[in-house]
Amino acid sequence: MRKWTMALMLGLMGAVSLPAQAADVAVLDWQKALLDTSAAQRSMNQFRNSTHAKQQEAESLGQSLQAMQQRFQEGGQPTQAEQQEFQTKRQRFEQLRRDILEARQQAEQAFLEDAKPKLDQAVQQVIERHDVQVLVAPQGVVHAEGDLPNLTGEVTSILNSLN
């Protein structure tokens with residue numbers, strides 16, 4: 001995803017340096033366009049459902065660890081058994097966090113791999129429909145006289161129709 005984002009940003013920076021008339025320039029927040037799709041919502045729901053048990057266990061362990069830490073601070077030196085219990089819970093909590101993060105990264109990667117060709121197709125349709133010569137990300141616009149056409153919603157609509 002980082003490589004794709006970097007390539008897109010480099011392409012956009014190069015495109016911004018081209019001379020363009022205001023009517024030929026439009027704005028696209030491709031990340032928002034993707035995240036607002038029904039496919040992204042389904043993907044997020046599937047991720048949440050697949051990691052729900054681990055999320056709940058991690059939350060429970062986190063609360064338990066906080067309570068233990070507070071008890072240790074208020075009550076003085078913990079016993080060897082308490083220290084061992086705390087260490088075991090902390091290790092399990094960290095493992096759950098890593099597992100959830102890895103699952104999230106895999107889900108995002110799978111979604112992006114599936115969505116990229118559709119995003120390219122939707123962007124191309126919008127570019128042709130509006131005869132756009134330069135397409136920039138909202139973060140890349142330093143100054144614009146008046147409002148530039150924002151094609152993000154239209155790209156999201158096309159992406160939804162492609163699913």
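Modeller: A cavity is a set of points, on a 1 Å grid over the protein atoms alone, where a 1.4 Å probe fits but cannot get out; points are joined across faces, edges and corners, and the volume is the space filled by probe spheres set on them. By this rule there is one cavity of 30 Å³ or more. The model is predicted, so local features need pLDDT of at least 70 and side-chain atom pairs pLDDT 80 or more, while totals for chains, interfaces and linings use all residues. Residues are numbered from 1 along each chain as its sequence is written, and side-chain values use heavy atoms, without hydrogens or water.

The largest cavity has a volume of about 50 Å³. Its lining (residues with an atom within 4 Å of a point) consists of Leu-34, Thr-37, Ala-39, Phe-111, Asp-114, Ala-115, Lys-118, Leu-159 and Asn-163. Helix 4 contributes the most to this lining, with four residues; helices are DSSP runs of H or I, at least four residues, numbered from the N terminus.

Ala-39 is one of the lining residues and also one of the buried residues of helix 3, where buried means under 20% relative accessible area, exposed over 50% and partly exposed in between (1.4 Å probe, protein chains only). Besides Ala-39, the buried residues of helix 3 are Ala-40, Ser-43, Phe-47, Thr-51, Ala-58, Leu-61, Gly-62, Ser-64, Leu-65, Met-68 and Phe-72. Together they pack (heavy atoms within 4.5 Å) against helix 2 (30-35), helix 4 (80-130) and helix 5 (152-162).

Helix 3 covers residues 38-75, which makes 38 residues. From its first C-alpha to its last, helix 3 reaches 51 Å, close to the 56 Å expected at 1.5 Å a residue, that is, 1.5 Å times one less than the number of residues. There is a bend of about 60° at Thr-51, taken between axes fitted to the seven residues ending there and the seven starting there. Thr-51 also belongs to the buried set of helix 3. After helix 3 comes Gly-76, with a positive phi near 95°.

Ser-38 and Ser-161 are 123 residues apart along the chain, yet their C-alpha atoms are separated by 9.6 Å. Ser-161 belongs to helix 5 and is exposed, at a relative accessible area of 56%.

The structure has nine salt bridges, each a side-chain nitrogen of Lys or Arg within 4 Å of a carboxyl oxygen of Asp or Glu. One of them joins Lys-54 to Asp-99, with the closest N and O atoms 3.5 Å apart. This pair links distant parts of the chain, as Lys-54 is in helix 3 and Asp-99 in helix 4, 45 residues apart. Lys-54 is partly exposed at 34% relative accessible area, and Asp-99 is partly exposed at 21%.

Two other pairs lie within helix 4. Glu-85 and Lys-89 form a salt bridge with closest N and O atoms 3.2 Å apart; being four residues apart in helix 4, they are separated by about one helical turn. Glu-85 is partly exposed at 36%, and Lys-89 at 21%. Arg-104 and Glu-108 form a salt bridge at 3.0 Å between the closest N and O atoms, again four residues apart, about one turn of helix 4. Arg-104 is partly exposed at 46%, and so is Glu-108 at 35%. An α-helix has 3.6 residues a turn, so residues three or four places apart point the same way.

Terms used. On a 1 Å grid over the protein atoms alone, a cavity is a set of points where a 1.4 Å probe fits but cannot get out, and a pocket is an open set with protein on both sides within 12 Å along at least five of seven lines; lining residues have an atom within 4 Å of a point.
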